[in-house]
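Please consult the sequence and the structure alongside the text.

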Amino acid sequence: MRLSTVILPIRRWSQGGRDAWQRAEQLGFHTAYTYDHLSWRTFRDGPWFGAVPTLTAAAGATSRMRLGTLVTSPNFRHPVTLAKDLITLDDVSGGRITLGIGAGGNGFDATALGQESWTPRERADRFGEFLPLLDRLLTEPAVTHAGTHYSAVEARNIPGCVQGPRLPFAVAATGPRGLKLAARYGQAWVTTGDPKVSESGTPAESLEAIRGQLTKLGAACAEIGRDAGELDKILLTGFTPERNGPLASLDAFVDFAGRHLALGFTEIALHAPIPDSDFAADEKVFEQIATEGLAQLGA
């Protein structure tokens, strides 16, 4: 089991932004992720900085911890420009970048460029083209592709990623088409649980729903002859019925993480506390979990 954190890009770099990433490394987190949005939910009318520049700055402010997005989506990204940013990030960081990526949703990003919000089928269609093209762009020196939604004309990506054959993809998916993409292209799979269960279900029901997702992931891997054990399984916390409960105490975290470790998860990502928000938590408890949680789990 690895323990990671999510740092929302809400602070100016000179006013706590840099400190948050350096503190995460000092606490020993395996990876520090950030959201890749133009704005997000209750934070929409407050400060919110871009993911790629933030991760570039974080790469210069840290030296050991992995960095990444959780997650990027096609809502306002194009594979050609994203690939160039990722190759640069991987170079600047010395090969420490993980790309969390999913199909996107109906949030503010979905219409910020003036387009109509895509239907679930349209999102799945776009993601089904976006991810394979991004894979090619990160592994081939020159790519030409004429697709339904995305095109590339002799797009050059030299010298490629520091990590070979490319930086890892952590694919967020729960539906059948997304899980097939995770099975084929992912080095990791990401879930936040089942949104339907999260709203009104119990922790036990959430655990069973996630177990079902893992079963479907295994079937998608088996379909292409891949061992599902090759994929890391990442749980992004804060969206199951427990909400921020795992950060209530060290014991609460150990209980929560232990139940998901038993399902086969290899990484848990905790949001760094943000006062007066959905992610409010005691900083001292957060630090205690970061430094003692895995030992308590025996992981």
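The points below are grouped by topic, after a note on conventions.

The model is predicted, so local features need pLDDT of at least 70 and side-chain atom pairs count only at pLDDT 80 or more, whereas totals for chains, interfaces and linings use all residues. Residues are numbered from 1 along each chain as its sequence is written, and side-chain values use heavy atoms, with hydrogens and water left out.

**Aromatic pairs**

- Rings of Phe, Tyr and Trp (its six-membered ring) pair if their centres lie within 6.5 Å; planes under 30 degrees apart count as stacked, over 60 as edge-to-face and the rest as tilted.
- By this rule, the model has eight aromatic pairs.
- Y35 and W40 are edge-to-face, because their ring centres are 5.0 Å apart and their planes stand at 75 degrees.
- W40 also pairs with F279, and this pair is stacked, with 6.1 Å from centre to centre and 15 degrees between the planes.
- The W40–F279 pair links distant parts of the chain, 239 residues apart: W40 is in the loop between β2 (31–34) and α2 (51–61), and F279 is in the loop between β10 (267–271) and α9 (283–297). Helices (H or I, at least four residues) and strands (E, at least two) are DSSP runs, numbered from the N terminus.
- One aromatic cluster is formed by Y35, W40, F43, W48, F239 and F279.

- Buried means under 20% relative accessible area, exposed over 50%, and partly exposed in between (1.4 Å probe, protein chains only).
- W40 counts as buried because its relative accessibility is 11%, and F279 is buried at 3%.
- Y35 is buried as well.

**Charges over rings**

- A charge sits over a ring if NZ of Lys or CZ of Arg is within 6 Å of the ring centre and within 35 degrees of the ring normal.
- R44 lies over the face of F108, 3.8 Å from the ring centre.
- R166 has its charged end over the ring of F169, at 3.6 Å from the centre.

**Two buried positions**

- L133, in helix α4 (residues 120–139), is buried at 2% relative accessibility.
- Not counting residues up to four places away in sequence, L133 touches P79, V143, H145 and Y150 (contact means heavy atoms within 4.5 Å).
- E267, in strand β10, is buried yet has no salt bridge, and the nearest side chain of opposite charge, R2, is 4.0 Å away.
- A salt bridge is a side-chain nitrogen of Lys or Arg within 4 Å of a carboxyl oxygen of Asp or Glu; Lys and Arg count as positive and Asp and Glu as negative, while His and the chain ends are not counted.
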